[in-house]
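Work through the exercises below with the coordinates open. Each task is followed by a solution in steps.

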Amino acid sequence: MLTPFLIDNQDVGGMGLTTQDVGVIYGTFGVISLTIGGIIGGIVISRDGLGKWMLPMILAMHLPIVGFILLSHFHPESVYYVYATVIAEQFGYGFGFAAFMMYLIYIADGESKTSHYSIATGFMALGMMLPGMLSGFIQEYLGYGNFFVWVFVATIPGLILSRFLIFPKEFGKKSEKK
């Protein structure tokens, strides 16, 4: 719902940006931020292991939602607030997704790791597709401001459940070569 939010007029709760603005924000700055976030995520996991970084990486994925809550409630005049929010969101997504991918690699390990990894990524895609199918209806009912609050609140159960994940804390850490 981010693209419709950025494009929709302010009279319906959107930011009123042009398609070109959104293309530049996501297609240039967003892609760069996502890539940098993913690279840094991989680096910190390889340096310290997944255990140290799992919670910060999950928070990096979810806390930028607060930026969209603020945008939807205050509608700042300057487009630079939108740039900052999208850059933070895309960086956080890339950074946090590195942890998710490492966890998938961990749970897929075994005799049929390719199949297990494929099944896990299929469930991940389903977990994005099903809520995405309903998000338009929910946004229309709640409006953009309350929709983003709802999205933020919806992340809390996953954040709590993530504390119960079992994996070696050093998983993903690059081993010292002798």
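Helices are DSSP runs (H or I, at least four residues), numbered from the N terminus. The model is predicted, so local features need pLDDT of at least 70 and side-chain atom pairs count only at pLDDT 80 or more, while totals for chains, interfaces and linings use all residues. Residues are numbered from 1 along each chain as its sequence is written, and side-chain values use heavy atoms, with hydrogens and water left out.

**Exercise 1. Helix spans**

Solution. 

**Exercise 2. Bends**

Task: Where is the kink in α6 centred, and at which residue does α2 bend?

Solution. 
Step 1. The bend at a residue is the angle between axes fitted to the seven residues ending there and the seven starting there.
Step 2. α6 has a kink of about 115°, centred on glycine 143.
Step 3. In α2 the bend is about 35°, at glycine 30.
Step 4. Just after α2, glycine 49 takes a positive phi of about 95°.

**Exercise 3. Buried faces of the helices**

Task: Which residues of α2 and α3 are buried, and what do they pack against?

Solution. 
Step 1. Buried means under 20% relative accessible area, exposed over 50%, and partly exposed in between (1.4 Å probe, protein chains only). Contact means heavy atoms within 4.5 Å.
Step 2. The buried residues of α2 include Val22, Tyr26, Gly30, Ile45 and Asp48; the buried residues of this helix pack against α1, α3, α4 and α5.
Step 3. In α3 the buried residues are Leu50, Trp53, Met54, Met57, Ile58 and Ala60, packed against α2, α5 and α6.
Step 4. For α6, buried residues include Ser135, Gln139, Tyr144 and Phe148; among the elements covering the buried residues of α6 are α1, α3, α4 and α5.

**Exercise 4. Nonpolar cores**

Task: How many residues does the largest nonpolar core have, and which have the most contacts inside it?

Solution. 
Step 1. A nonpolar core is a set of buried Ala, Val, Leu, Ile, Met, Phe, Trp, Tyr and Cys residues joined through side-chain atoms within 4.5 Å.
Step 2. The largest such core has 17 residues, and Phe5, Leu6 and Val82 have the most contacts inside it.
Step 3. At least two residues of this core come from each of α1 (2-7), α2 (19-48), α4 (65-74), α5 (80-108) and α6 (113-162). α4 gives the largest share, four residues.
Step 4. Not counting residues up to four places away in sequence, leucine 6 touches Met15, Gly16, Leu17, Val22, Tyr26, Val82 and Val86.
Step 5. A second, separate core has 14 residues, including Ile45, Ala98, Met102 and Tyr103.

**Exercise 5. Aromatic pairs**

Task: Why does the pair of phenylalanine 29 and tyrosine 83 count as edge-to-face, and why does the pair of tyrosine 103 and tyrosine 106 count as tilted?

Solution. 
Step 1. Rings of Phe, Tyr and Trp (its six-membered ring) pair if their centres lie within 6.5 Å; planes under 30 degrees apart count as stacked, over 60 as edge-to-face and the rest as tilted. The structure holds 16 aromatic pairs.
Step 2. The ring centres of phenylalanine 29 and tyrosine 83 are 5.2 Å apart and the planes are at 80°, so this pair is edge-to-face. The pair links helix α2, which holds phenylalanine 29, to helix α5, which holds tyrosine 83, 54 residues apart.
Step 3. Phenylalanine 29 is partly exposed because its relative accessibility is 35%, whereas tyrosine 83, at 17%, is buried.
Step 4. For tyrosine 103 and tyrosine 106 the centres are 6.2 Å apart and the planes at 40°, so the pair is tilted. Both lie in helix α5, three residues apart, about one turn of the helix.
Step 5. Ring pairs also link Phe5, Phe68, Tyr144, Phe147, Phe148 and Trp150 into a cluster.
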